[in-house]
Amino acid sequence: MTKVTFSSQGGRFLSVDILGHAGYAEEGEDIVCAAISSAVMLTTVLLDDIQHVPVESTADEDNTHIHIELQQGGVERGQDALCALHLYLSVLEQNYPDFISVMEVHTDAED
């Protein structure tokens, strides 16, 4: 199962962490993994190359782990992209609940 965790603070998304292979089918034939990967790639291109939002992204293919974090100065501008990714992956979860889990973790605002 792929576990997706969105971190938010004050009603705004800060990051998304994607871990694990969906397990819907063999690697290379897994439509759930393909849908997740494609959505994440599009989001990264939108944030980085189109909107020029400061982000830090890492991908560890060996451990099937992707992390995207909006950096200072990019949190507000990156909201539409992360909101769209959250909505898309949540719909995917509704259609394939045994293969993807999407959750949101709220952090307290700093004083």
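Biologist: How many bridges join strand β1 to β5?

Modeller: Keep in mind that this is a predicted model. Strand β1 covers residues 2-9 and runs parallel to β5. One of the residue pairings there is Thr 2 with Ile 100. The number of bridges joining β1 and β5 is eight.

Biologist: And in what order do the five strands of the open sheet come?

Modeller: The pairing in this sheet is mixed. At the edges stand β3 (55-60) and β5 (100-107), each with a single partner strand, so one side of each has no neighbour in the sheet. From one strand to the next, the twist averages 15°. The order is β3-β4-β2-β1-β5.

Biologist: What angle does the direction of α1 make with that of β4?

Modeller: Helix α1 packs on the sheet, where it touches β1, β2 (12-19), β3, β4 (65-70) and β5. Its direction and that of β4 make an angle of about 30°.

Biologist: Let's zoom in on that helix. Is Thr 43 buried or exposed?

Modeller: Thr 43 sits in α1, which spans residues 31-50. Leaving aside neighbours within four places in sequence, Thr 43 is in contact with Ala 81, Leu 82 and Leu 85. Its relative accessible area is 8%, and the cut-off is under 20%, so Thr 43 counts as buried.

Biologist: Which residue's backbone oxygen does the side chain of Thr 43 reach?

Modeller: The distance here is 2.8 Å, and the cut-off for a polar contact is 3.5 Å. The backbone oxygen belongs to Ala 39.

Biologist: What about Thr 44: how far is its C-alpha from that of Ser 57?

Modeller: Thr 44 also lies in α1 and is partly exposed at 23% relative accessibility. Beyond its neighbours within four places in sequence, Thr 44 is in contact with Asp 49, Ser 57 and Ile 68. Thr 44 and Ser 57 are 13 residues apart in sequence, and their C-alpha atoms are separated by 8.0 Å.

Biologist: On to the rings. What is the angle between the planes of Phe 6 and Phe 13?

Modeller: The whole structure holds three aromatic pairs. In the tilted pair of Phe 6 and Phe 13, the centres are 5.2 Å apart and the angle between the planes is 55°.

Biologist: Why is the pair of Tyr 24 and Tyr 96 called edge-to-face?

Modeller: The ring centres of Tyr 24 and Tyr 96 are 5.5 Å apart. Planes over 60 degrees apart count as edge-to-face. The pair gets that name because its planes are at 85°.

Key:
Residues numbered from 1 in each chain as written. Predicted model: local features only at pLDDT ≥ 70, side-chain atom pairs only at ≥ 80, totals over all residues. Heavy atoms only, no water. Helix = DSSP H or I, 4+ residues; strand = E, 2+ residues; numbered from the N terminus. Buried < 20%, exposed > 50% of the residue type's maximum accessible area, 1.4 Å probe, protein only. Contact = heavy atoms within 4.5 Å. Polar contact = N/O pair within 3.5 Å; in protein donor to acceptor, adjacent residues only side chain to side chain. Pairing = 2+ DSSP bridges. Axes fitted to C-alpha atoms, helices over the stretch in contact; angles between N-to-C directions. Phe/Tyr/Trp six-rings, centres within 6.5 Å; stacked < 30°, edge-to-face > 60°.
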